[in-house]
Amino acid sequence: MARGWELAGWLASALLLRWGVSLHGYSGMGVPPRYGDYEAQRHWMEVTVNLPPDQWYRNSSANDLSWWGLDYPPLSGYQSWLTGQYVRLREPAAVELEKSRGYESPSSKSLMRQTVLASDAAVFLPAAAAAAAAFGSGSSSARQRLPALAALLFNPAAILIDHGHFQYNCIGLGLALAGAAAAAAGREVLASLLFSLSLNHKQMGLYYAPAFFAFLLGRCLQRGTAVGKAGAVLRLGLAVAATFAVVWAPWLAGGAGATLGVLGRIFPTQRGLYEDYVANFWCASSRFIKWSRVLSQGGLVRLCGAATLAAAAPAMASQIARPTPRGFLLCLANSAMAFFLFSYQVHEKSILLPLLPLTLLLGREQPRLLRWLNAMAVFSMLPLLKKDGLGLATAAATAACHAAITLAGCNAEGGAEQARRPGGGAGSIGQLPDAMVRLASRLSLATCAALLAASAAVPPPPRLPFLYDALITFWAFLHFFALFVYTNWLQLGEFRRAAPVGNSKKRV
């Protein structure tokens, strides 16, 4: 990757940026009665450290589910228990059962921020280093892998959501990234275990499920015999089943009712089509089609499911037929973007999922395009970040990421802009001309700046109070949809380049 002292410097700088962002505001800070995601995470700590696991998802006098009830999978509950123990050790009043609702203090904020920073350092940062090495293993020089690592470490959207807004996406994303690295390195059982843990930390891990399924199945089908193929699939199935059995043990022991109760909390289909203003198809098109009036809620769920699977299917098919590490990255991006654009109940923060594999891919192949994508991802979340009082932190984190990618590219042999793709060759298949990306990004970001200037200078009309939020998300949606078309084109190019499974070296 890079010399030890150099790697340590990058990791330390990434942690310093996270700490700087954590000094700013958070979701719902000083805004009763509901507060925000910070209060949700604090409340989950309160519940998990004071009640047994079989009561975490059950409504009771001690656990009012209408007040930020736990609605993430069990691994998030265990994480809340662990971090809650640390907070309780230092400030017991912050997680006192039934008496700490809406608890805020400078010291408890510091403790909560420390738990996110520690989670990032323990899970995501090592996973980023492993992924940059695994997917850059064909580079002619280890230092050519540095741009991808820098891009992962300094991803501004992820840093702002976890260390500003306040969440623990670094755990779920880190586990998925580690799983992807294991899969690329040929350690399929470990990959299945790690991805299962990611899925059990946050249900949005489903965004990656089609890609993991397709790539690992494709690898299994490369075995030389039918017995070898069946055995490989069986091993992966057992790894997944065992992981879920261990994580879900307290609820499986309670019978089907307890398990279904947790699933009902994790997948609440009674919620709306999307949350607030999100840059996906349903929110963007709702200006023209009132989907909730056209279809029933059940019909919307079915439509979203069909559209998502249809959008992800081409990338899945390519990896089942001809799995490659680069194709796997593209499939992760295309699957996650299909979910973001077309699935049911999407949050603006969900852009972090397609952004992760794209960061790893474009960090080496097209860093200028990645800088543009990072800016648009942050821009799409501006209504949320502005509400959290993170304007200054947003500017600083975005600038730091831009500088990190540029500096890493300068340090890499040959420059990041001309970096060779993993596996050799003269360049990346389907890479956009640098001059075109430069011009398009300048026009795009100039429009973003004009929208922000207008929102600051010209109040929206009274009957359209959220006009600028709608324009921001619509403009971002156009970019994400165009990117989805482009990455599917890259997926097709990778499929054509890869040797058919039947012509590849058989694995026993």
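Modeller: Start with D434 and R438. These two form a salt bridge, and their closest N and O atoms are 2.8 Å apart. A salt bridge here is a side-chain nitrogen of Lys or Arg within 4 Å of a carboxyl oxygen of Asp or Glu. The model is predicted, so local features need pLDDT of at least 70 and side-chain atom pairs pLDDT 80 or more, while totals for chains, interfaces and linings use all residues. Residues are numbered from 1 along each chain as its sequence is written, and side-chain values use heavy atoms, without hydrogens or water.

Both partners sit in helix α21. They are 4 residues apart, about one turn of the helix. Helices are DSSP runs of H or I, at least four residues long, numbered from the N terminus. D434 is partly exposed, at 30% relative accessibility. R438 is partly exposed too, at 27%. Partly exposed lies between buried (under 20% relative accessible area) and exposed (over 50%), with a 1.4 Å probe and protein chains only. Elsewhere, salt bridges with shared partners join R326, E365, E494 and R497 into one network.

By the salt-bridge rule, the count comes to 13. Take R42 and E46. Their side chains meet at 2.9 Å, N to O. R42 and E46 are also 4 residues apart, about one turn of the helix, this time in α2. Their setting is buried. R42 has 2% relative accessibility, and E46 has 3%.

The side chains of D37 and K349 meet in a salt bridge, at 3.9 Å, N to O. D37 lies in α2 (residues 37-50) and K349 in the loop between α16 and α17, so the pair ties together parts that are 312 residues apart in sequence. D37 is buried, with a relative accessible area of 16%. K349 is buried as well, at 13%.

The structure holds 4 cavities of 30 Å³ or more. On a 1 Å grid over the protein atoms alone, a cavity is a set of points where a 1.4 Å probe fits but cannot get out; a pocket is an open set with protein on both sides within 12 Å along at least five of seven lines; lining residues have an atom within 4 Å of a point. Volume is the space filled by probe spheres set on the points, which are joined across faces, edges and corners.

The largest cavity has a volume of about 100 Å³. Its lining includes R18, D120, F124, N155 and D162. Helices α4 (106-135), α6 (156-166), α7 (169-184) and α17 (352-365) each give two or more residues to this lining. By class, the lining has 7 nonpolar, 2 polar and 3 charged residues. Ala, Val, Leu, Ile, Met, Phe, Trp, Tyr, Cys and Pro count as nonpolar, Asp, Glu, Lys and Arg as charged, and the others, Gly among them, as polar.

Helix α4 also holds V123. V123 is partly exposed, at 23% relative accessibility. V123 and A178 are 55 residues apart along the chain, and their C-alpha atoms are separated by 8.7 Å.

The second largest cavity has about 60 Å³ of space. Its lining residues include A176, Y208, F212, L329 and P357. At least two residues come from each of α7, α16 (325-342) and α17. What classes make up this lining? It has 10 nonpolar residues, no polar and no charged.

Helices α19 (382-387), α20 (391-411), α21 (434-457) and α22 (467-497) each give two or more residues to the lining. That list brings back α21, the helix of D434 and R438. The largest share, 6 residues, comes from α19. The pocket lining divides into 13 nonpolar, 3 polar and 5 charged residues.
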